Number of protein chains: 2
Amino acid sequence: MAIDPRSDRPVYRQLADLLHDEISSGRMSPDSLLPSEAQLVTEYRVGREAVRQAVAVLRAEGLVRTERGIGTRVRRVVDRAPVRLRRGDTAVARMPSIHERREYDLDEGVPVIEVRRAAGEVEIHAGDRTEITS
Amino acid sequence: MAIDPRSDRPVYRQLADLLHDEISSGRMSPDSLLPSEAQLVTEYRVGREAVRQAVAVLRAEGLVRTERGIGTRVRRVVDRAPVRLRRGDTAVARMPSIHERREYDLDEGVPVIEVRRAAGEVEIHAGDRTEITS
DNA sequence: GTACATTTGTTCGTATGTATT
DNA sequence: TAATACATACGAACAAATGTA
């Protein structure tokens, strides 16, 4: 079951799937720490590179958040503030640049919603804390 | 001006900024190929690891798209189909899982828009080809 | 159709730096 | 201070996909 290095599926993807399942199944709860890189290396008998790539996949999916010196935690789901679209307004979703990520304090794997008001103004909203309504 | 390995800014971020600028300034046009990893390595005197991380940053931002055996191209901006939100509908933006990425044929760095209709149905729309309207 | 060159992907090894506990 | 944990960076080797001669 665990991980088959001879599979055609890359090791890091197999590991990402396993961890993804641990999280989405609820066996790992929000805010809880994933095993450390070193632990994953020994537990699954894979290289550190594979571990880091697997965790990077989860980060890009917005599933976890990594803090240096601490570890990787399951991201908590927060309440979403409604943003109302009026007639003539439009909204698109896109990924922020690294600089926008810092500016708006966004985790990796979190998109932004760009609202263009009919009047012309543009608003940026954090994708994980926003819900568009009509 | 190029890249300073002794800077406190990581090499791969400096390189990502340079490439980001090449693209957003228009000096690199859509569909055009970035220099190959090997070329970037020799051109900027950095390791392949730094080059790959820099390109990974651009991919995560949805700025470029990498094809194995070919190279990395600047992503083209495509037309967006409008999706109308009616009263009682809500929409959120999030990153897709790897499996959804395949299912909906999404590039890396492209979010999905999840529309929940008042009636209860859920629709998934590609973030780079969709525009929400009221 | 084959063979080869090019390009990105995967994996391992090694070393050093930085943040937190 | 020391231990733990993640980040950055270089090098190396081989695999896999693509395009071309």
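Me: By what turn can chain A be laid on chain B?

Reply: In this predicted model, the copies are superposed by least squares on the C-alpha atoms of residues with pLDDT of at least 70 in both. Chain A can then be laid on chain B with an RMSD of 0.1 Å and a shift of 0.0 Å along the axis. The two copies are thus related as by a two-fold rotation axis, and the turn is 180°.

Me: What pLDDT do local features need in this predicted model?

Reply: Residues are numbered from 1 along each chain as its sequence is written, while chains are lettered from A and ligands numbered from 1 in the order in which they are written. Side-chain values use heavy atoms, with hydrogens and water left out; totals for chains, interfaces and linings use all residues, side-chain atom pairs count only at pLDDT 80 or more, and local features need pLDDT of at least 70.

Me: What percentage of the interface residues of chain A are also interface residues in chain B?

Reply: Contact here means heavy atoms within 4.5 Å. The copies meet through the same surface, because the share of chain A interface residues that are also interface residues in chain B is 100%.

Me: Which residue takes a positive phi in the hairpin of β1(A) and β2(A)?

Reply: Strands β1 (residues 64–67) and β2 (residues 71–74) of chain A are antiparallel and share four bridges, with Val64(A) having Val74(A) as its bridge partner. Three residues lie between the strands of this hairpin, and the positive phi, near 85°, belongs to Gly69(A).

Me: Are α1(A) and α3(A) parallel or oblique to each other?

Reply: Helices are DSSP runs of H or I with at least four residues; axes are lines fitted to C-alpha atoms, for helices over the stretch in contact, and angles run from 0 to 180 degrees between N-to-C directions. The axes of α1 (residues 11–24) and α3 (residues 48–60) of chain A come within 8 Å and cross at roughly 50°. Angles under 35 degrees count as roughly parallel, over 145 as roughly antiparallel, 65 to 115 as roughly perpendicular and the rest as oblique. The two helices are therefore oblique.

Me: How many charged residues are in the contact of α2(B) with α3(B)?

Reply: The axes of α2 (residues 37–44) and α3 (residues 48–60) of chain B come within 9 Å and cross at roughly 115°. Glu37(B), Leu40(B) and Val41(B) of α2(B) make the contact with Arg48(B), Val51(B) and Arg52(B) of α3(B). Ala, Val, Leu, Ile, Met, Phe, Trp, Tyr, Cys and Pro count as nonpolar, Asp, Glu, Lys and Arg as charged, and the others, Gly among them, as polar. By these classes the contact has three nonpolar residues and no polar ones, while the charged residues number three.

Conventions: Pairing = 2+ DSSP bridges.
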